[in-house]
Amino acid sequence: MHPYMENLPFLTIFLSMIAGIICGALHKGRTAYQLTLVVALINAVCSGLVLEYTYLGDLSFDYLMGRFSIPFGNAIRCGPLQALFATAFCLITAMALLGGERDLFHDILPEKLNLYFVMVNLLQASLLALTYTNDLFTGYVFIEICTISSCALVMAKDNGPNLVATIRYLFMSLLGSGMFLIGVAFFMGITGHLLMPPQAQAVLALRASEAYRLPLTVSVGLIVAGLGVKSAMFPFHTWLPGAHGGATTASSAMLSGLVLKGYIVLLMALTVRVFSLELLVELGITNMLFIFGLLGMAFGSIKAMREQHIKRMLAYSSVAQIGYIYMGLGLGTSAGMVASCFHILVHACCKPLLFCCAGRLSAVTGHHKSLRNLRGSAYRDIAAGIGFTVGALSMLGIPLFGGFVSKLYFSSASLSTNRTALALLTISLSTVLNALYYVPALLSIWIRPPAEEETTILADVRTEDLAVDTPFRSAAVVLTAGVFVLGIFYHSILDIIEAGVRLF
């Protein structure tokens, strides 16, 4: 009999799936929206309770489902790190829905709204499952659910460019899924198990005996590469700008802030529980992650510099930030993994804030997206202007903001490796490149255009768009507070992450 708290991780997954089914039966989009928002907040509270239970108790636990125990059946595993990610993911889902509420009901046809929220609930269930799963095949199943629901969120804004972006996204996602599935099949063939604990024991035995060295290398490489493709690791990022840049605001916020992280969290779980960092170093996989991470940091920022479409600029920025995470994993140390985990939280908080604020700034400027037409838009919604500024300064790495702590810990983690110079140089270069597109964006929204140009730009603005957007402001306040919490009270959060990595 499990203690009550140990039932909550499974309950959150189950509740999200049930909410998705109910939303499909609802006829009113507004009711489906409210149900989805309430479920996300309930899941955030439940995950917060599990976080307190696991961190204060310094424990992690397995929750077995079905009649069969290890090494059969399937299970989920929860410790402080999984509970922290689950809490953040659910809370940010709710904030993304609040922040993009007005655009949701403007961009999506009324008869399709309930179906949109079916997909949001399935997306949340899949992210929670990817965070908690202790079974590779269950992980694959929810990877596919996450892929389908993500594609639906992109194409919900029903127009030609979005359909093209969805097809491109689907092709790349299927490539990643196929690589992952083939890797899992090979890995099961040489270990004989799908659950992670017995797999870890089999890997230790294979390393000791030097048996199946080539199949082990191929299977691990395919699994890592498949998850890399799905999380937009450079150079497999080409689908991302079209998908994230063209979707409705709430979708962009969830896709960039959450979906990419779900695959990385699963990769981290496999690294710690099954493969071990030492094995990835031996096989040279950390070298590839490090190189692709550095290239993503540089080229993602270079592409963002060339963009005038604000949401596409933010999408390319996500490529650079994913590069930071893979660079940390590529260091091959526990400190690098801790820095990557912290950056997942920072980016999951900053990027939904930036996308929601960009959507609001666009709405009060006649739904224009180019930086030139967004000039002075911050004065038409001060909350959006301040929120965008906070998110941008965090991405730049200004002290007191979460992004500064990320870069500080990435730099510190690199000092104990033989990659210090290259890592520090690329972090410095990326910071300069970040400034070269975020600073012009900030100047655009805060500097007013000439009066005649402003009149022309505002000719398309609807009266309802200029009205105070209370849900957006609530979300912006919460996400802005999150950025400052990560930048000021980071010691407590890093303590949780370090305990979580130890108990992974």
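**Helix 11 and onward**

Modeller: Buried means under 20% relative accessible area, exposed over 50%, and partly exposed in between, with a 1.4 Å probe and protein chains only. This is a predicted model, in which local features need pLDDT of at least 70, side-chain atom pairs count only at pLDDT 80 or more, and totals for chains, interfaces and linings use all residues. Residues are numbered from 1 along each chain as its sequence is written, and side-chain values use heavy atoms, with hydrogens and water left out.

Biologist: What span does helix 11 reach from its first C-alpha to its last?

Modeller: Helix 11, residues 249-275, reaches 38 Å, close to the 39 Å expected at 1.5 Å a residue. The expected span is 1.5 Å times one less than the number of residues. Helices (H or I, at least four residues) and strands (E, at least two) are DSSP runs, numbered from the N terminus.

Biologist: Where is the kink in helix 11 centred?

Modeller: On Leu255, with a kink of about 40°. The bend at a residue is the angle between axes fitted to the seven residues ending there and the seven starting there.

Biologist: Which residue follows helix 11?

Modeller: Ser276 does, and its phi is positive, near 85°.

Biologist: Change of topic: how do helix 16 and helix 17 run relative to each other, parallel or antiparallel?

Modeller: Roughly parallel. The axes of helix 16 (residues 382-396) and helix 17 (residues 402-414) come within 6 Å and cross at roughly 10°. Axes are lines fitted to C-alpha atoms, for helices over the stretch in contact, and angles run from 0 to 180 degrees between N-to-C directions. Under 35 degrees counts as roughly parallel, over 145 as roughly antiparallel, 65 to 115 as roughly perpendicular and the rest as oblique.

Biologist: Which residues make the contact of helix 16 with helix 17?

Modeller: Helix 16 contributes Ser394, Met395 and Leu396, and helix 17 contributes Gly402, Gly403, Phe404 and Lys407. Contact means heavy atoms within 4.5 Å. By class, three residues are nonpolar, three polar and one charged. Ala, Val, Leu, Ile, Met, Phe, Trp, Tyr, Cys and Pro count as nonpolar, Asp, Glu, Lys and Arg as charged, and the others, Gly among them, as polar.

Biologist: What does Val229 touch?

Modeller: Met172, Gly176, Met179, Phe236 and Trp239, not counting residues up to four places away in sequence. Val229 lies in helix 9 and counts as buried at 1% relative accessibility.

Biologist: Last one. Is Ala451 buried or exposed?

Modeller: Exposed, with a relative accessible area of 56%. Ala451 is in helix 19 (residues 451-457).
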